[in-house]
Amino acid sequence: MSNARSYQLFIDGRWRAGSGGASVPVINPATEEVFAWVAAASSSDLDEALASAERSRRAWSSRPANERGDILVRAAQILATKMANAAKHLSAEQGKTIAEAAGEYARAVETFDWGGTHAEELSAPISMGPNRMIVPAPLGVVAAFTPWNYPAVLIARKLAPALAAGCPVILKAAEETPSVAVHIVEALREAGLPDGVVNLVFGAPAQISQHLLNSPIVTVLTFTGSTAVGKQLAKLASNNLQRCILELGGHSPVVICQDADLTKAVPAISEYKFECAGQSCNAPSRILVARPLYEEFLSRMTEAARKIKIGAPDDPGTEMGPMANARRIEAMQRLTEDATDRGARIEAGGARLDRPGFYWPPTILTAVPKDAKVLHEEPFGPILTVAPFDTIEEAIEEANATEYGLAAYFFTSAADAKRDLIGGLAAGAVSVNYLKGVSADAPYGGVKQSGYGYEGGEHGVRSFQSLKLINGHGSLG
Ligand code: NAD
């Protein structure tokens with residue numbers, strides 16, 4: 001423990017240990033060794049964070065929006081200068097390759113820059129004719145909970161819009177990946193963010209969420225994580241009627257139509273699916289292929305999956321690193337065994353690699369019965385199922401046959417198939433002839449059990465505002 005890095009809480013503008021002295025180990029997923037510790041917040045630390053956020057609220061919400069925006073833009077610039085070092089830390093904690101970590105940081109930088117650049121415009125009154133207008137008003141203190149899979153970009157997607165809108169934030173970042181939160185908060189501090197506007201805590205997730213959401217100081221809850229935890233938090237938030245933005249799980253289909261160009265579809269799926277070892281809420285997990293293309297697709301997809309170079313995340317030749325934690329390996333094992341017990345075939349991968357670290361190879365399952373758990377439970381890992389279909393109607397029905405509705409993808413050039421799929425797929429985002437996730441300038445949010453509310457773009461900032469309607473006679477100026 002003596003050489004291990006340690007991460008602290010940031011409360012009221014000061015880095016410090018938890019008042020109870022407790023800390024949580026951080027495990028390197030490539031070695032399974034503890035290599036850092038993160039301070040755990042006690043109830044009194046959380047009370048201090050709440051009081052600090054509340055004290056900062058009035059000044060931050062009434063600060064001119066262009067000044068708030070300038071701080072975010074400066075923070076983006078500062079973060080960009082820290083990127084090389086920060087990417088190494090993220091890769092060591094999370095298991096994604098250094099190139100993936102650097103790419104994720106670049107998106108976080110872009111998100112802060114976007115929020116900063118648009119803060120003034122999105123805080124401005126909106127005219128509704130000569131006698132009415134809408135004044136966007138910050139909703140107040142935000143409790144933000146972020147996960148470990150894309151910790152940099154997911155923190156940015158909560159902090160940047162909330163701060164742009166004029167809301168202070170208490171951030172509980174993932175204990176598995178603390179360095180990212182520390183780098184981001186430090187960049188905001190260096191950029192001139194006043195004390196108390198962002199407080200950062202770690203610790204026991206359930207205790208922290210309960211404590212923060214029990215407080216009437218918190219007016220908005222924003223969470224990214226599993227549907228099960230999202231529902232628990234929404235229940236807690238109902239006591240104080242906190243607004244909720246819930247970005248939850250996904251189980252995304254890709255529909256490969258008869259005219260699809262497999263030379264484009266297969267590499268695109270392979271690259272997007274196996275990034276971050278498949279631990280992405282919008283990664284595709286169920287491939288539906290028009291029957292005439294099925295065998296050809298399966299053979300190309302299997303070959304692509306087998307070719308992926310698995311290895312240590314800091315090896316420049318590695319294309320896919322380990323999974324983030326032991327829980328994910330157990331889930332891969334359980335879902336694969338359940339499917340094969342029911343008669344599914346393993347075309348690639350299918351078993352944990354025999355080496356230290358949480359390594360699970362790209363896995364392709366076929367002949368998966370409809371009641372297999374892998375078709376219903378979010379795999380959140382490098383497992384793909386592949387199945388044939390005969391009609392577009394059947395493909396849409398299969399694509400929609402989970403409780404999730406986050407992302408969906410399809411490959412075709414036929415206008416009628418495009419129209420039917422865009423209209424029929426129950427998803428928050430649909431990508432056509434390529435696979436794309438979130439971006440700084442566009443709204444992203446799920447339907448069904450994938451959550452509600454939006455992050456990204458104008459809608460992401462509006463999530464932290466009330467739209468105050470002003471009625472008046474004569475000029476409102
Ligand atoms: P989990 O549901 O226990 O935790 C997910 C995240 O929520 C973690 O960051 C955790 O710290 C936090 N969390 C857990 N309980 C909490 C609570 N009571 N209050 C506040 N925060 C809480 O699952 P896990 O094993 O860490 O991750 C695996 C599952 O989580 C996956 O199956 C996937 O569904 C989901 N997940 C989704 C996303 C996403 O991007 N939507 C990201 C990470 C995890």
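Tutor: Two strands count as paired if DSSP finds at least two bridges between them, and we shall apply that criterion here to a predicted model.

Student: In what order do the three strands of the open sheet lie, and what is the pairing?

Tutor: In general, strands of a sheet pair through backbone hydrogen bonds, either parallel or antiparallel. Here the open sheet has the order β1-β5-β4, with mixed pairing; β1 (5-7) and β4 (23-28) are the edge strands, each pairing on one side only, and the twist from one strand to the next averages 30°.

Student: Which helix packs on this sheet?

Tutor: Helix α3 (residues 83-94) does, touching β1, β4 and β5, and its direction makes about 90° with that of β4.

Student: Over how many bridges does β5 pair with β1, and over how many with β4?

Tutor: With β1, strand β5 (residues 33-39) pairs in the parallel sense over three bridges, and Ser6 has Trp37 as its bridge partner in β5. With β4, the pairing is antiparallel over six bridges, Ile27 standing opposite Val34 in β5, and these two strands form a hairpin with four residues between them.

Student: Which residue in the turn of that hairpin has a positive phi?

Tutor: Most residues other than glycine have a negative phi. In this turn Glu32 has a positive phi of about 70°, and with a relative accessible area of 37% Glu32 is partly exposed.

Student: Where does Asp12 lie, and what is its phi?

Tutor: Asp12 is located in the loop between β2 (9-11) and β3 (14-16), and its phi is positive, about 55°, although Asp12 is not a glycine. Asp12 counts as partly exposed because its relative accessibility is 33%, and that class lies between under 20% for buried and over 50% for exposed.

Key: Residues numbered from 1 in each chain as written. Predicted model: local features only at pLDDT ≥ 70, side-chain atom pairs only at ≥ 80, totals over all residues. Heavy atoms only, no water. Axes fitted to C-alpha atoms, helices over the stretch in contact; angles between N-to-C directions. Contact = heavy atoms within 4.5 Å. Buried < 20%, exposed > 50% of the residue type's maximum accessible area, 1.4 Å probe, protein only.
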